[in-house]
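Please keep the sequence and the structure in view while reading.

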Amino acid sequence: MSGHLTNHRFYLLIRSFLVFLFLALLTYLSLATHPLGGNNPWILNFKGSDKVAHFTLYCIFCLTVTWAYYPYIKKRKVFLLIFLSIILYGIFMEICQGWIFPVGRSFELLDIAANITGVAIAAFCYNLFRRIL
């Protein structure tokens, strides 16, 4: 087995692990009763700040996934499947908050809109940088 192929698999494994960690964090933040301890100590402490958090986290997650699997995203179908999967995951998390797990949180369409907007911005950035590089 060549060293290049071994390195490639190693980096893919590391990148996949980072995607998994981010997904675990996203799931925790989506389903924890008070993921930040009840009092939001962050700078995002204003009305609608949770929408900014949704947008930011889903945008970063999409960019992380596209970075991790960039060599495999050659066909438009794969690209669309990745982004559609992330959007569906966000919708599923909202459904879990509202109806499946009693976590003291609620289903909000605006959260889904913020998630989709984050995914759309990430898709735009991916396409822009893919053409440049």
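Helix H3 has 25 residues, which at 1.5 Å a residue should span 36 Å, and its end C-alpha atoms are 34 Å apart, which agrees. The expected span is 1.5 Å times one less than the number of residues in the helix. Helices (H or I, at least four residues) are DSSP runs, numbered from the N terminus.

The model is predicted, so local features need pLDDT of at least 70 and side-chain atom pairs count only at pLDDT 80 or more, while totals for chains, interfaces and linings use all residues. Residues are numbered from 1 along each chain as its sequence is written, and side-chain values use heavy atoms, with hydrogens and water left out.

**The nonpolar core**

A nonpolar core is a set of buried Ala, Val, Leu, Ile, Met, Phe, Trp, Tyr and Cys residues joined through side-chain atoms within 4.5 Å. Buried means under 20% relative accessible area (1.4 Å probe, protein chains only). In soluble globular proteins, nonpolar side chains tend to be buried together. Here the largest such core has 22 residues, and Tyr58, Phe61, Phe83 and Ile86 have the most contacts inside it. Two or more residues come from each of helix H1 (3-31), helix H2 (49-68), helix H3 (76-100) and helix H4 (109-132). H3 gives the most, with seven residues.

**Residues of H3**

Which residues of H3 are buried? They are Phe79, Ile82, Phe83, Ile86, Tyr89, Gly90, Met93, Glu94, Cys96 and Gln97. Contact means heavy atoms within 4.5 Å, and the contacts below leave aside neighbours within four places in sequence. Phe83 is in contact with Cys62, Thr66, Val119, Ala122 and Ala123. Ile86 is buried, with a relative accessible area of 5%, and it touches Tyr58, Phe61, Cys62, Val65 and Val119. Tyr89 counts as buried because its relative accessibility is 16%; its contacts are Leu23, Leu26, Thr27 and Tyr58.

| Pair | Separation in sequence | C-alpha to C-alpha distance |
|---|---|---|
| Tyr89 and Asn115 | 26 residues | 9.7 Å |
| Ile86 and Ile116 | 30 residues | 8.7 Å |

The axes of H2 and H3 come within 11 Å and cross at roughly 145 degrees. Axes are lines fitted to C-alpha atoms, for helices over the stretch in contact, and angles run from 0 to 180 degrees between N-to-C directions. In this contact, His54, Tyr58, Phe61, Cys62, Val65 and Thr66 of H2 meet Ile82, Phe83, Ile86, Tyr89, Gly90, Met93 and Glu94 of H3. These residues divide into nine nonpolar, three polar and one charged. For this count, Ala, Val, Leu, Ile, Met, Phe, Trp, Tyr, Cys and Pro are nonpolar, Asp, Glu, Lys and Arg are charged, and the others, Gly among them, are polar.

H2 and H4 pack at an angle of about 35 degrees, with their axes 7 Å apart. The H2 residues in this contact include Lys51, His54, Tyr58 and Cys62, and those of H4 include Leu110, Asp111, Ala114 and Val119. By class, the contact has twelve nonpolar, five polar and three charged residues.

Is Lys51 buried or exposed? Lys51 is buried, with a relative accessible area of 19%. Leaving aside neighbours within four places in sequence, Lys51 is in contact with Glu108, Leu110, Asp111 and Ala114.

Note on methods. Buried < 20%, exposed > 50% of the residue type's maximum accessible area, 1.4 Å probe, protein only.
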